[in-house]
Amino acid sequence: MGSTSGRLISGGLCGRLTLAVALTAGTPFALSQPAPTDPAPPPQPTPIQPGPADVQTPPAENPVVPPESAPLKITLDQYTSQALTRMAVLDLRQQVVDLPRDYRITYRVLEEAQRLAPSDLELAHRLGEAAWRMEEEDAITATCRRILDLDPKDGVTVLRLITSRLNRTQTLDQRLEAYERFLGPEGNSIDTAVRSRLAMDSAQLRRELGDEKGFLEKVKLAAQLDPTNKEAAQEAAVYFSQRVPDPLGRMELIANLLYADPMDPTTQLWMAREMAAQGVFDQANRFHTLGRSLISRSGQQPDARIFIESLVLMWQDQGPQVPVQMLSDYVFMNRRNTERKVEEAELALQPTANMPRAKDIRLDIDMERVRVLAAMVHGDPDALSTLIEFKKTVDKGLAEGDNILDSAVGDFGASVAQLYDNLQNPEKLPRGMPIEDVRAEVRRLLLEAQMIRGMTNTHLDQVEFDQEKIDDLTPRPPEGQPPVEDAEQIVARGWVELRTSGPEKALETLLPLNDTVAAARFGVATCREMLGQKEQAAADFLSLAAADPMGVLGAAARTRFMKLTGRDEPLTGLTVKARDFGRSVPPSLDEMVLDPSSYMSINAEVSDPVATALQPVRVHLRIRNISSFPLSVGAGLTVDTRFLFAPNLIVSSESAQRFVQPEVVGLDRRLRLMPGEAIEADVWGDVGETGWMAEAAASELVRLRWRVLQGFQTGMAGVFEPGIGCLSTMTNTVTRFPLYEAIMPVEQLTARIATDPEDRLPALAVATRCHMVGVGRAGSITGEPREALARAWAARYPSCSPTARMMILATLPHGGISPEMEVLGDVARQEADPRVGVIVAVAVCRAADDPFLKAAAASSDDALREVAVLQAARLGEVEMTYSRNGPGLRGRLSGSSEPKVPLP
């Protein structure tokens, strides 16, 4: 541990929780002020955002201290199980990468904890998770049976047990036969949600064997058995959509997927695109808006494609004026703000030469394309001029008759011209993109700018100027061969000819590309409209609208069709049926996305608001389905079963929140929740660092509560917040009163270690830890009193029962934290009981060549031999283990000038 191994915890929590408490009767707690030279506390990598209810009440002036003979309300077996569980959890959390070997070590420690608390369901789940992660079939089977003895309705464990049994089958045929038994009449007593997952496992196995028919049959069965089975609904939708050209059937399967998980933005966007393909733009806009909302709530930004789709769908649903107004407002406001900054700098006599100007603020080219074409087909120049006066306050160079369309086309051309100029500056070119590809893309955009000028009949004076740039970027033909125009050149030339040579000439140019290029088809329809062929032009516009319903040209063609004919025709023969189907999807699904409290409730309540310093804090956690249909349950599903317990720990009157980390609690007990059904569990809220810190402050009044966040994620501000479609709540406060043994004179404590019965040893062990590494009035002894405490425990250890010995090792600080306690470690290394030896290996041994580990590796006891070998290997590879770092709080307990914990 280096030269720092002698530093001790003495006198407070990082110099900011040092509690000077008078022990005379009636004297209140008095908080000493931190020294002015105290360094600032290190920043936490993931701060927790306190909820509005985090306001703390001041501590009582005279907190009750239990008398010496007060009952502890916890037995030796119970506390030992608790201490072993906490040690196992803290040891595992220090591993940067969890390996199967780490879970094997955890499993062996939790095994001992489970023996002492066989009815503890949460502990059974922790043991089961360790067995699953270490991929040991015998252990999985044993732990699953133990969980089901305590909770027979646990569908997740039933599925895990059956899966483990199936993994033991020798051949694929035997496994398929086993699946058939579970899915046939013999399995009727099994929960249909479990059978649904077994059907999907059977389906995947059949697909691997090339049995497509069997695969599809089992997928259908899985979806029928449990509509909330998202995997089954997704497989059915994908399989069907790839093979059967039935849009309505595809929508029904996507709707099934929505019911299985309405919080999946991919499904919402899929439904939106299917609706748009049938010309049902109100419903397409509905589902697309929900999908974008889910993406945004996940802390991400929709990509460019999704954003452009949203603009087009708003246009299709509400008219072209919507994207024109939205995008114009955006660009004009940003230009005004830019110009204002320049004016303010000039007034302050600051240099402005390098500051951007209003004319430099433009939309992305993809967004500008939407604004240009929407403004073009809007057809009301007066309406499009409503914002131009505002724009003139920013851009003084506008001509008197300019409108939004002029501005948008000009901006598009300016953006493309900037890209062309960037070709001369390698630093401004896209990284990783070959220069030939960059030149080709700029050429394509220059041709598009020519086409847009022809479409809008604006800025035609730029055509010849840009043609020189296009010629510069056009590849030269082989020597002796004439140049050949590509489709993009022809379309651009055709649109320019429409304005310079008339519709007949343009039609002649564009007609050959009518069936292959959307812009050419739009041009042909426009030429025919100008030539008075309105019926054919309308048919052309409608055809293009149906072919490209979510594209900009498709939206422009539909708008032109409606203006030309005065009606809105269905785009396909299924438009009416698709609209009816979209409207049949209940609005309650929308409400679920927007307000998760509309379909579920969560509640977290501390079971006992008053606890002794040794008791674990149990929180009764409940999730209830308050909707009218079944909901999928699991991590990342409709009812997310992952919860973050963000602690608010108060020691006396000082917050210790920054010294603890949140607890993650999984409530994987069911596969689905029927209407009105709930998952309830009593979870251990302070199993890890929070409980360790609370016990380390057992000499003080401690208050504790949690903000509970479902499906947690890190928000934009770097704080935790509920996940998509998730809720949060706040627990009530639990108060821990001081432990008598932690405030008694250290000489009395030392004497009692030798004489007290074993049922009082947990209190004495916690009190000793307070003196050795704790906070508050107990954490201040140095020198001989510390050594006397260590010697007392070393002397008592050999005469204790195996349970008491395990408790001592898991509760007291080891020699790596408090060097005086190495005397206890030396005694523990003489341990002969293999069950206790497992704890010695994990709690005491700090070196790969520790003599105890070498001897234990040859033990006839399987558990001890396995742990010894694994611990030795781990100590040779990683630094962070419980035996070296205790609870792993070294970096966070180093704020005072006299560190409480040795620094690495």
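The questions below go residue by residue, after a note on conventions.

This is a predicted model, in which local features need pLDDT of at least 70, side-chain atom pairs count only at pLDDT 80 or more, and totals for chains, interfaces and linings use all residues. Residues are numbered from 1 along each chain as its sequence is written, and side-chain values use heavy atoms, with hydrogens and water left out.

Q: Is Val96 buried or exposed, and what is its relative accessible area?
A: Val96 sits in the loop between α1 (76-93) and α2 (100-116). Helices are DSSP runs of H or I with at least four residues, numbered from the N terminus. Buried means under 20% relative accessible area, exposed over 50%, partly exposed in between (1.4 Å probe, protein chains only). Val96 is exposed, at 81%.

Q: Which residues make the nonpolar surface patch of about 300 Å²?
A: Patch members have over 30% relative accessible area and no salt bridge (a Lys or Arg side-chain nitrogen within 4 Å of an Asp or Glu carboxyl oxygen). Nonpolar side chains (Val, Leu, Ile, Met, Phe, Trp, Tyr) are joined within 5 Å, like charges within 9 Å. Areas come from the Shrake-Rupley method with a 1.4 Å probe; for residues, only the protein chains shown count as cover. The patch is made by Val96, Val97 and Leu99.

Q: How far apart in space are Cys144 and Val158, C-alpha to C-alpha?
A: Cys144 belongs to helix α4 (residues 137-150). Cys144 is buried because its relative accessibility is 2%. Beyond four places in sequence, Cys144 is in contact (heavy atoms within 4.5 Å) with Thr157, Arg160 and Leu161. Cys144 and Val158 are 14 residues apart in sequence, and their C-alpha distance is 7.4 Å.

Q: Which side chain has a polar contact of 2.9 Å with that of Thr768?
A: Thr768 lies in helix α31 (residues 761-773) and is buried, at 0% relative accessibility. Neighbours within four places aside, its contacts are Leu749, Ile753, Leu789, Trp793 and Leu812. A polar contact pairs N or O atoms within 3.5 Å; within protein, one must be able to donate a hydrogen and the other to accept it, and residues adjacent in sequence count only if both atoms are side-chain atoms. At 2.9 Å, the partner of Thr768 is Trp793.

Q: Which residues does Ser859 touch, not counting those up to four places away in sequence?
A: Ser859 is in the loop between α36 (851-856) and α37 (862-875). Ser859 counts as buried because its relative accessible area is 18%. With that sequence exclusion, Ser859 touches Leu864 and Arg865.

How values were computed: Helices (H or I, at least four residues) and strands (E, at least two) are DSSP runs, numbered from the N terminus.
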